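Thanks, everyone, for making the time this morning.

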Amino acid sequence: MMATLFTKLFGRTIRRQLITGVALVHLILMSIFVYDMTVRQQMFLLEKSIDDAQYRGKIFAFTSKEFLRTNDLAGLQELLNAYLQDHGVEYAMVVSAEGKVLSHSDESKRGLFLRDSLSLAMLSGQREFRVLSSTNSRIDVAVPIIEGESLLGWVRIVNDLSADQTQIEYVSRQGVIYTAIAIIVGTLFAFGLSLTMLRQLRHLLNGATRAGNHQWNEKIPVITENEIGSVSKAFNLAMEKIAQQEEALCESETTYRLMAENASDVIWIFDTGTRQFRYISPSIVRLRGLSAEEAMQERFEDSVTAESLQYVEDVSSSRIESFNKGESHFYTDIIEQPCRNGSTVWVEMESRYDRNERTGHIEIFGISRNITQRRNAERALRESEEQLLVSNSYLLSLVNSTSSYLVRTDMRGKYTYVNEPFIKKFGFRLDELMGKDAAITVCEEDLELMNETVVHCVQQPGVPVSVELRKPNPAGGFFITEWEFTLISDAGGVPQEVQCVGRDITERRFIEKALIDSERKYRNLVEFSSVGVFQTTVSGEVLYVNNAIADILEYDSTEEIRALGPFIMYKYLHQREEMVRLLRANGNVKNYEVTLLTKHHQERFVVFNIVLSGDILDGTLIDISERKRAEDAVRENEEKYRGLVENSPDAIAIYSEGRIVFVNNQCISLMRVKSAEELIGRSVISFVHPEDRSRVIERMKNVAVGGVPLPSEQERFVLADGETIDVEVKAIPTVFDNNPAIQIIVRDITERKKNDQIILDVQRRESLGVLAGGIAHDFNNLLGVMMGNISLAQHRLPPGDMALKNIERAKAAMDRAAILVKQMLAYSGKGKFQIREIDLVALIKEHIDFFEVSLPKNVRLDSMLSSKPTYVKGDPAQIEQIVMNLIINGGEAIGVKQGVVSISISSFVPTEEELNEFGALPNSVLKKGPYALLKVADNGEGMNDETRKKIFDPFFTTKFVGRGLGLSAVLGIIRANDGGIIIESEERKGTTFSIILPLIHPTGTDASLSAALGVLPAKAPETNILVIDDERDVVEMTIDILESGSYSHTSAIDPEIGIRIYQEHCSAIDAVILDFSMPKLNGKEVIIELRKINPNVRVIIASGYTEEEIFKLMGDEMPNAFIAKPYTQKDLLELLKKVLK
Amino acid sequence: MNHQSTVQTYVALVVSVLIFGCTKPSGSVPGTPIYGNESAFRKSVPQYTFAVHPLHNSQYFFEVYQPLISYINKHTDEFTLRLEASKDYAQFENKLNDRIVEFAVPNPYQSVLSIEHGYSIVGKMGDDDRFYGIIVVRKDSRITSVNDLRNSTISFPSATALAAAMMPKYFLQSNGLNIAKDVNCSYVGTQESSIMNVYLGKTKAGCTWPPPWESFLEAHPEMNDALTVQWRTEPLINNGLVVRNDVPARHTEILTSLLYSMHTNDEGKAILKKIKLSRYEPIAQKEYVSRVNTFMVKYRKMFGSLPETGRKK
């Protein structure tokens, strides 16, 4: 009932449906939306309230713990009151684990017990946060207060949610208003939409009504572009097509009707069920003189002659039977039909059977055509054939007049007819042939072939059989003839004769043979050629390739290449594309080089010569791989030799026709020019030293004339920058650019000559050394004997003897001789040395006063000595002698003017080059490593080169009176100590002697180092004290005190050594007793260094200064304690105890 | 149906939406709590409060003493104990003065004073040799003699803290310092505060006694580098165990017997170790009072009076 009413109200029209639908949809969706939103808002606010309550509760529980622990209920109440000032709390309380109210927002409740079921559930339940109850307006939560594992109580808070509820109600009201607005807007929208949509639908309805009335051509107006508009358009399109189809149908009907009515043939349809014609076209009137209506009313039996009726009846039943089996045929029959005027016509009738679906009868669709005239023509033809026989004789003459041969034989092979050309050609008379066996006109070799041909003719009557037969030539030889044999049978098909038509093809055969021979000859040429021959199309089809191509490209057969095509063989396909482009442009390519790949992917370099004919490429291919490889090898060799020449360490030049034609890089470098162009074209002689030119010109001539290489010869070249160098030149005759030339190889030997000279000098000195050593040794022995005997003689002579004065003089001379011998031994390096580890610095310092007094007063001695010990191995006396010699030489070089001799000691690590310089020989034996460098320099007169060369010669001197071996002895001593020397001297500026001696580390442990430097040995550390004092006595005294106090100790008289000892053993040293005043570093500086090693180092400063003065001097670097010198055993031990505490 | 009636129908639809949509939802309020004068839980055994004078802050105090309370509760079903901390000495003393707690562990001075408020001394903590005061200074303070503390501030937990205040004061005074004139005494409430004041440089020295000092260093090992014990006093008898006189004797006996036997089992040992105590032991009130008074007499003689207890409320 309601549904009916609703349908009546809202479903009657589309407009109502649409408006109602939209309104309902808005109502439903908006209601769901508003409801969902309200519920979610409510849930959100509730969750937020719970979170908020939980958070607040936990904070409050945490805060109240302290009050519960101390049972401070008043404090707890204060805390609660403070908490209640927060908004939204309806009431709150803290209860004990037993449910006693400890504090409450309503203080009157304090001390009471909770007794309601909700509270009791909280008290007896899990110790966790819980929501006791929640409504839209309030939420009641409880938080446990737990200390460790103990429950101290519960915080219970009831929050007022009325503000949230108001918010939810407001949201709900807004949602309802939005729903109402949405319905109104949706309804208005639906109304507007329906106006447009219904207007279009009305037009569509009108159109459909017109279509029902066959008013196809009146279109529906399309006023909207929506789906209804599209339906309207489609409807219009469909109506238009229907109209067109109806028109076409009318036209087609008219056409067929006209065709049927105007056709010369009669079209008809015969119903076999009623045996009546269902349709006969109007042309029946032309066939039989009857109108179509008359013919259709005529009985079938009356429409054909009796013979034809019989025929039609005979064939109809079988055809209907065949049709019923599903076979469908066109049938052609010839029947005779009567005409209105009593005559008959022959009709050719084509028919097909079909079933009329409406009646179920089988119908015959037929076309009848009048063939009366054709039949008459056939009759006339037969008559004309008869007449043709009459003109047979005429044809005979025609046969004889042709160049072809025509013969006939009977079935036994006897000639029954030959024509004139045959008789004439083969030189027979007619009588010699007629009735004779045809074999007489055929060469014996072809008889069997002829017989077989006849047999074939008989087997295929009427079909010409071709055969080629040789016939004897009356002039000798034979003719080659070509025949066609045809069997002629009578009307009953019985073979009567064989007719043979032939012609002479002798000449054609000879031409063909010649052609074949020629073709074979060229084919052989191509096939067996080493040059590849091919024929391809532009598109890539291989028409022909010869065996050579297969061989070159390593294919098994030419067929394989033809099958694969040419593209696979090109390594670079662009080469073929370029070649085709050239062919199209020029018609041919010559010597076109490409890279092909063999079947096994090996490269083959080939040259193509190709002619393009239409789309065909005819060409040859020559394999040039070997030639290429040979060329590459030549090129490689050339590059290799060019490289050898270009990179040769010797300068190489080619000299031809009086000028330089080639130079290598080394030649450019040697001659000090920027480029080869500066040398090419110039004469070699221009670079030769003027003094050597005549000799060189002579040598060049000898080479040019003699044609044989000349051995190397030393010459001098003047370089581009003017410097003269020594060179070794070799000249070799050669050919350059097909011209005779001389290859000149030049090697710079300047350095080598210098080294040779140095070696010579060294060898000379070594020889001298050996000689001096030998002499000195023997002379020393003799001198020993002499001195011994003279001493004995001196003792044996009575005092006051006159000879004693002579003996004294002789003894003095022998003392000088002994010194000389000693120097000679030193020079030879065979002296008796006391080699030990010495501190070079200390040694020089020790003798510095002595050196100073050795110099004249106008010469000052400056010393620059390292602050660190510099240890070397050597005989201290010899080292002292070296220094003394050099200082004295320096002083003498200065002469009478004011001057300075300086001495310095340092250490360094020389490079290999510096070592060579110091060793004075290439590949010197001086070992790599650190060396002590002793320099003695003066600002005297200096030396020239000549003097410098001889300075180490024994007994060489520039002074008026020499003092013996001098510097030669220095050299010997240095050499004996594995050292080296360099002399740098410049005239009027001075001389510097630099001597190096291998630097050593003092052997042994710290003890040996200490021994060398005055450091006392240490005991095994327990409480270990390091004593640093430059006064040995003080050190020893301190050590005695330390030992008396059972302290272990280590000591150093050099502060630097002391620092080193501390650095290495800081972990074992407990305190340091440090002198303040020391020569190298004072106490403050030592403390700074020690604290860098260990900031917590404990230091006692010992000094003769007062404590105040020391502390002032120490500044920020205060020691741990101070002890005044001199100190007693008690003072030191007590202080140590205090410091070490 | 004409257009007019259709429009009327739609208007009715919208109005009904508005009317039904604006209906106020109803909510229900659950019942408020119900209170009574007696607990809903049936009381089967009495509950006593056990208080200890403020050795530590209340949180740490609960950590170390709650196991002891649990131990007692576990081993008796005749009563239950509830631990109660005090935020400072005054509060603790007030609890004794007001007889709020049934059982307590006051310091010796408080123990003796509690007798006046109706408590009896029934036992004491062991380890008397560890009951002494210590004076802590910063290592970098260069304080080597008592005189170095002259004109400086010294922190104490409370004036009535025996080991941590009275005994150190006695020591300093004995060594030449006039506490009243030469130093400023700062009473900071707890043992940790006394130490922390030194570390933070607010006081030159701080007084405490071994258990809180050791606990403090365990919690803050880095303090070892900064603080050092410069002096320690002579030892005295350890803290007492007092019980309110209205507690049934049987319950006192149960409690004391449990306490005195704790050190004989592993569980008890572990609890005592946390408190840094080897045992609880019995002592006669007379003997205890006598030993404490020996010191009190000396103290009074030196300072003229004893500190008052429980002043702050």
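Over all chains the count comes to 25 aromatic pairs, where rings of Phe, Tyr and Trp (its six-membered ring) pair if their centres lie within 6.5 Å, and where planes under 30 degrees apart count as stacked, over 60 as edge-to-face and the rest as tilted. One of them is edge-to-face, because the rings of A:Trp268 and A:Phe277 have centres 5.7 Å apart and planes at 85 degrees. This is a predicted model, in which local features need pLDDT of at least 70 and side-chain atom pairs count only at pLDDT 80 or more, while totals for chains, interfaces and linings use all residues. Side-chain values use heavy atoms, with hydrogens and water left out, residues are numbered from 1 along each chain as its sequence is written, and chains are lettered from A and ligands numbered from 1 in the order in which they are written.

A:Trp268 is buried at 8% relative accessibility, and A:Phe277 is buried at 13%, buried meaning under 20% relative accessible area with a 1.4 Å probe and protein chains only. A:Tyr405 and A:Trp483, by contrast, form a tilted pair, 5.9 Å centre to centre with 35 degrees between the planes. A:Tyr405 lies in strand β12 and A:Trp483 in strand β15 of chain A, so this pair ties together parts that are 78 residues apart in sequence; strands here are DSSP runs (E, at least two residues), numbered from the N terminus.

Turning to chain B, helices α5 and α12 (H or I runs of at least four residues) pack at an angle of about 55 degrees with their axes 11 Å apart, the axes being lines fitted to C-alpha atoms over the stretch in contact, and angles running from 0 to 180 degrees between N-to-C directions.

Conventions: Buried means under 20% relative accessible area, exposed over 50%, partly exposed in between (1.4 Å probe, protein chains only).
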